[in-house]
Amino acid sequence: MASSIRPVVISGPSGSGKSTLLNRLFTEFPDCFAFSVSHTTRKPRPGEENGKDYYFVTMEDFEKLIADKGFLEHAQFSGNRYGTSKKSVHDILASGRLCFLDVEINGVKSIKAAGMTPAPRFVFIKPPSLEALRSRLQGRGTESADSLQKRLDTAQEALDYADQPGSYDHIIVNDDVDVAYDKLKGILIDDIKALQQGKKK
């Protein structure tokens, strides 16, 4: 089972509705999917659990994993390191579930370069337009003018990459959430059926 089910790398700018689609998928099929747990060098926040929210490691341990080529992708934000380990993905596949990796554009590029086996499928959740994305982000009421512009600049970079031939296996335009969800589920339905059959045996 583990060798035939391909992980899914999903990406999309903030405000694209990616989290809404994934939450819906995980709610409908609670035993079929799991997110890979990332490693980080930052300290746990109140309520966070090691191995559930993140694997909290020292900088030394993180750098050793890099040296041992243990990461599919890794990055640095605000002085802390974050990474997706190969082991965390394979552990999920071995457990009989489909592994989701939710990553930004640089993570997508790193995972592509890693030559992962089995090869993941790459899915991009695309907003109908940059203006629609701007409206969604403004509607949250959580963005300053500066942070909104940064998110839009990041989104434009992601959209430009998605327009390149071969960048993703599937691009879903999230104009209507029900239609977008049906498309996402349609991409995964054969794996969902295979996983459900496997659990019945």
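Okay, let's start with a pair of side chains: lysine 64 and aspartate 68 meet in a salt bridge, at 2.8 Å from N to O. Keep in mind as we go that this is a predicted model. How open are those two residues? Lysine 64 is exposed, with a relative accessible area of 52%, while aspartate 68 counts as partly exposed at 47%.

If you search the whole structure, you find eleven salt bridges, and I'd like to show you a couple of others.

Take lysine 185 and glutamate 28, whose side chains meet in a salt bridge at 3.2 Å, again N to O. This pair ties together distant parts of the chain: lysine 185 sits in helix 7, residues 177-200, glutamate 28 sits in helix 1, residues 18-28, and the two are 157 residues apart. Glutamate 28 is partly exposed, with a relative accessible area of 40%.

Next up, lysine 126 and aspartate 163. Their side chains form a salt bridge too, at 3.7 Å from N to O. Here as well the pair links distant parts of the chain, 37 residues apart: lysine 126 is in strand 8, residues 121-126, and aspartate 163 is in the loop between helix 6 (145-162) and strand 9 (170-173). As for accessibility, lysine 126 is partly exposed at 24%, and aspartate 163 is exposed at 53%.

Staying with charge for a second, the protein chain carries 28 positive and 27 negative side chains, and the centres of those two sets lie 4 Å apart.

Now let's go inside. Is threonine 40 buried or exposed? It's buried, with a relative accessible area of 0%. Threonine 40 lies in strand 3, which covers residues 39-40. And what does threonine 40 touch, leaving out residues up to four places away in sequence? Its contacts are Tyr54, Tyr55, Phe56, Val57, Arg81 and Tyr82.

Let's zoom out to the overall picture. The protein chain has seven helices and nine strands. Its radius of gyration is 17 Å, close to the 17 Å the globule rule gives for 201 residues, so the chain is as compact as a globular protein of that length. Along the principal axes, the C-alpha atoms fill a box of roughly 45 × 40 × 35 Å.

Of the 201 residues, 40% are buried.

Notes: Residues numbered from 1 in each chain as written. Predicted model: local features only at pLDDT ≥ 70, side-chain atom pairs only at ≥ 80, totals over all residues. Heavy atoms only, no water. Helix = DSSP H or I, 4+ residues; strand = E, 2+ residues; numbered from the N terminus. Rg over C-alpha atoms; globule rule 2.2 N^0.38 Å. Buried < 20%, exposed > 50% of the residue type's maximum accessible area, 1.4 Å probe, protein only. Lys, Arg positive; Asp, Glu negative; His and termini not counted. Charge placed at Lys NZ, Arg CZ, Asp CG, Glu CD. Contact = heavy atoms within 4.5 Å. Salt bridge = Lys/Arg side-chain N within 4 Å of Asp/Glu carboxyl O.
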